[in-house]
Amino acid sequence: MPKPPAAVPTTLGFVPRLIFASRWLQMPLYLGLILAQAVYVFHFWVELVHLVEAALGQPEALRAIFEASGQKAGAAPTHLTETTIMLVVLGLIDVVMISNLLIMVIVGGYETFVSRMNLEGHPDQPEWLDHVNASVLKVKLATAIIGISSIHLLKTFINAENYSEKVLIAQTVIHVAFLFSAMAIAYTDRLLHPPAHH
């Protein structure tokens with residue numbers, strides 16, 4: 001008859017308990033990221049209101065939109081152009097993608113490094129959260145950064161006449177570096193955790 005497994009000790013010494021409890025020092029960092037998320041929500045609505053006001057012909061909103069989109073207007077703009085609308089909308093998408101990145105860091109980081117959130121069975125549990133670990137989180141963050149970089153690059157190319165050739169080349173090189181970094185992270189994760197063969 002096999003011996004029952006030895007009971008795992010439930011009490012830790014003072015130093016291990018202190019080290020393990022130190023993970024809660026990350027809590028203020030995640031609360032700070034939630035505050036940053038609130039700032040992004042406010043910024044999104046300010047930009048959206050400016051866009052609507054500019055569409056209605058308000059000159060102050062038009063000027064603010066032109067400046068925010070990086071366009072150099074010699075005279076005061078009199079109307080919205082398709083390029084301006086596209087740049088503003090891409091800026092709003094950029095804010096949403098950065099906000100998604102913040103959610104991934106807050107929820108995934110807290111679940112991985114601080115404490116379980118016990119969301120199993122909750123209808124709103126993110127699909128990716130049930131298999132998240134430090135490696136998966138790194139890959140997801142790298143791909144999110146590529147998406148954000150792509151939006152920035154697209155905005156630069158749409159507004160290319162307002163940027164020097166040096167800036168265009170530098171942004172393209174940086175984007176390619178992000179791509180290679182993400183591929184390297186994903187490849188390293190695949191080497192460390194090869195997929196199970198059925």
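User: What makes two rings count as a pair in this predicted model?

Analyst: Rings of Phe, Tyr and Trp pair if their centres lie within 6.5 Å, and planes over 60 degrees apart count as edge-to-face. In this predicted model, ring pairs link W24, Y30 and Y110 into a cluster, and the structure holds 3 aromatic pairs.

User: Why is the pair of W24 and Y110 called edge-to-face?

Analyst: The centres of W24 and Y110 are 6.4 Å apart and their planes stand at 70 degrees, so the distance is within 6.5 Å and the angle is over 60 degrees, which makes the pair edge-to-face. W24 lies in the loop between α1 (14–21) and α2 (27–55) while Y110 lies in helix α4 (residues 82–114), so this pair ties together parts that are 86 residues apart in sequence.

User: How do you know that W24 is partly exposed, and is Y110 buried or exposed?

Analyst: W24 has a relative accessible area of 36%, which falls between the cut-offs of 20% and 50%, so W24 is partly exposed. Y110 has 18%, which is under 20%, so Y110 is buried.

User: What makes Y30 and Y110 an edge-to-face pair, and which parts does the pair tie together?

Analyst: The ring centres of Y30 and Y110 are 6.3 Å apart with their planes at 80 degrees, so the pair is edge-to-face. Because Y30 lies in helix α2 and Y110 in helix α4, the pair ties together parts that are 80 residues apart in sequence.

User: Why does Y30 count as buried?

Analyst: The relative accessibility of Y30 is 9%, which is under 20%, so Y30 counts as buried.

Conventions
Residues numbered from 1 in each chain as written. Predicted model: local features only at pLDDT ≥ 70, side-chain atom pairs only at ≥ 80, totals over all residues. Heavy atoms only, no water. Phe/Tyr/Trp six-rings, centres within 6.5 Å; stacked < 30°, edge-to-face > 60°. Helix = DSSP H or I, 4+ residues; strand = E, 2+ residues; numbered from the N terminus. Buried < 20%, exposed > 50% of the residue type's maximum accessible area, 1.4 Å probe, protein only.
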